[in-house]
Structure formats: structure tokens, C-alpha cells
Amino acid sequence: MLKWLVLLTILVLVSAEVHKVKIHKREHKKSHLARRIAVHILKHKVHQIIRHHLRDLVIYDDGAPIYVQPDYDYPSQDTDYTSEELGNSMNMYYYGEISIGTPPQYFNVVFDTGSANLWIPSVQCLATDVACQQHNQYNSSASSTYVASGQNFSIEYGTGSVTGYLATDTVTINGLAITSQTFGEAISQPGNSFTDVAFDGILGMGFQQIAEDNVVPPFYNLYTEGLIDAPVFGFYLARNGSAEDGGQLTLGGTDQSLISGEMTYTPVTQQGYWQFSVNNITWNGTVVSSNVQAIADTGTSLIACPPAAYAQINQLIGAILIQGDYYVPCATVDSLPVLTFNIGGTNFDLPPSVYIQTYTDGNYNTCMSTFTYIGTDFWILGDVFLGQYYTEFDFGQNRVGFANLA
């Protein structure tokens, strides 16, 4: 975080072009494949979250946790922005294109607010690594700007670890070239977690506190190198998008053309993840949760609930547990009430057509609950929630903003 403090004295203003980071979509034919990917990534988030929370001081006041965070200061400016369109795969993950090296080597990555590292497959990966062999691979020997670090890295997932070594090279996001970005070259990926997916790797957009090996995240470098004017980015995730039109990531500001009405801001309660307070969550007048913590996580497709809320909400919607997942009769979906999240004094509604995911396989429809439990005592609001709103992530003012889509 000191990088932002340094900018108070050395900041150089530049004018930023407006670019669009394109989000893509690819349909999976089987619902269980997309959900498997989501659950594996969620399990990794849990490992990170538990480890991060143990490092921080927690003071209890009348039984409620109050998270104590360092008092960071950031510069803030009203400036232009750059944006990239994204792709959407079955509403389960969103990805866009970046390049690494000179000349550029191209990769699709998930822009993930629930992690802080960039990693992609390496050309030196194991021949038995199916996920690596299915995807684009970074070849350091083909890049004139590559710098070796000599340091290994490992990121733990539910079925194993992504392992490899760190490298430094030019990383370009929609024409914005970060000259010395450190990232992970993966030579081994766990099990089948990343097989048959449309993305090659993951680009983390969380706070540096959760970065493995304390690597500086790419968004930090976009700002410190003067490639964007403000430490702000935003997401529009198209829930019915396609491989060519899955939404948009905006870097360095907010795309006002995508929002309707005022933005509701809520402060980050603990830096690391984009964590904030939710006043209450209600379903048809029934309070499911109140005064709880939540994380806005673009790298998670589902909504992860605390245990009591998970059991209650699936009971309320009439879901039946089948082989570890909750399903509802498709005929009942239209008659279910909305689920309402009160954040920063504003109600944000999720209709049943959103919190119930419908999958079609031939003439057969399956309606699955998007509420899951992975062992946390707080909510993880993934793409099911974020796809209904424009979400702004503001490092400068340490806050998250939500607005209705235009």
C-alpha cells in the first residue's frame, strides 16, 4: 500500500484514452462442469481468507466482530478511464485478453477481485498437465523483455496447488503496457480444476495484502506507472452475454453510460478482499441475515452463505439437496419472492430468475440454487449478485460502489 503513499509526492498526471476490456463468453454443455470450476476457485478463496483474517486484529463488541485495519491514504482524482470488454462463460466466469512479453503473447484471464496474483501456464509445464496442454503457454525465451526472478510460487486450491516460478515481463491490458510486472509461470495445475475452461489464467485485482509472495498486483502498477489517472476500476458483467459480448471492465474510472441513478458507496471494512458490511438480507419479509460482512468477488460465480443462512434460504425456496447441490422444481421459479440485500442504506434486489440458475440439456431443464456453503461465516457475493449491478472498486477512497444498470 506504500505505493499509493509515494504517489502523493511523485504523482504525474497523464491523460488516459478510453479503452474497453472485452469480456467473453463460452457455453458449457454441462452444468456440473461450470459449478465444479466455481467450487474449486471458491475453496482457494477460503484458504486465503482464513489465513488473511488470522493476521489481522479483531475486536469483539457485544459479540459482533469489528475489523481493525491500517489507516491508509490514497490520492483520488476525477479523470478519464480505460476499459476492456469481457467474455462470459455460462454465467460462471468472465474473462478478457491480455498480452505478456515482447513480441506479445496472448492469454485469456479471469479478472478476479477475490485474489491478487497474476498467473498463466508456462511452456515448461509438465506434459501430463492436461489443463496446461489445453491452453496458451508463456514462453519466456521468446520474449526480449523477460527477466527471471529465481523464485518459486505456489497457490493452493481445493484439489492441489498451482505451482511454478515467478517471472517479470511487460504485461499489456488493452494497450496499457506495464513494463515490469511480476507474475507466476505455472508448470503444474491441480487435478482437473482448470481443464475445459475458456481462460488460461487468473489476474487478481484484490489488495496486495493477500498476494502470494507479496507480489505487486497489476492494477497497482497500472496506476503507479501513470497508465491510468485514478486508482478505480469497475465491472459490468452481462448475465446473458456471449463469448463476444460478456460485459466490460473499466480501468481508471467509472463508465457513466453503463449506470442509472446514483452510486451507493460502502466503505471497505478490511483491506485484502473487497469486504464491506451488509445491513440486512431479507426474503419476502423474513430476515435471513443482519449486520454481516460480505465480499464482492468477480472470480466467484455463486453466492456463498454462512451456514445458518445457507440452510434457511434453501429451505425457504423449497430446494431439495441432491448429490451435494440444491435444486428446485423449475415450475416454481417464477412464483418465488426476490431476495433483498440492504447495503449502505439502499436495497439491492435479486429476483428468483437470477438466484436460481436454469440449465438446459437437450429437452431437459434443471433449476439449481446458486446459494452454496464453503465454510465461511460471511457472505461472498459472486457474479450472481454482481451481474445485476455495475460495481465500482475504489482503492483511492477505500470503498465499493453499486449502481443500477442503465
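Biologist: Which residues form one aromatic cluster?

Modeller: The cluster consists of F207, F219, Y220, F233, F235, W274, F393 and F395. Rings of Phe, Tyr and Trp (its six-membered ring) count as a pair if their centres lie within 6.5 Å, with planes under 30 degrees apart called stacked, over 60 edge-to-face and the rest tilted. This is a predicted model, in which local features need pLDDT of at least 70 and side-chain atom pairs count only at pLDDT 80 or more, while totals for chains, interfaces and linings use all residues. Residues are numbered from 1 along each chain as its sequence is written, and side-chain values use heavy atoms, leaving out hydrogens and water.

Biologist: How do F207 and F395 pair?

Modeller: They are edge-to-face, at 4.8 Å centre to centre with 70° between the planes. F207 lies in the loop between strand 11 (201-204) and helix 4 (218-224), and F395 in the loop between strand 26 (389-394) and strand 27, so the pair ties together parts that are 188 residues apart in sequence. Helices (H or I, at least four residues) and strands (E, at least two) are DSSP runs, numbered from the N terminus.

Biologist: And how do Y220 and F395 pair?

Modeller: Y220 and F395 are also edge-to-face, at 5.3 Å and 75° between the planes.

Biologist: Is F395 buried or exposed?

Modeller: F395 is buried, with a relative accessible area of 0%. Buried means under 20% relative accessible area, exposed over 50% and partly exposed in between, using a 1.4 Å probe and protein chains only.

Biologist: Changing topic, what lies over the face of Y265?

Modeller: R399 does, at 3.5 Å from the ring centre. A charge sits over a ring if NZ of Lys or CZ of Arg is within 6 Å of the ring centre and within 35 degrees of the ring normal. R399 is found in strand 27 (residues 399-405) and is buried, with a relative accessible area of 18%.

Biologist: What else does R399 touch?

Modeller: Not counting residues up to four places away in sequence, R399 has contacts that include W274, E392 and D394. Contact means heavy atoms within 4.5 Å.

Biologist: Which residues have the most contacts inside the largest nonpolar core?

Modeller: They are L251, W379 and F385, in a core of 72 residues. A nonpolar core is a set of buried Ala, Val, Leu, Ile, Met, Phe, Trp, Tyr and Cys residues joined through side-chain atoms within 4.5 Å. Apart from it lies another core, of 16 residues, among them V110 and W119.
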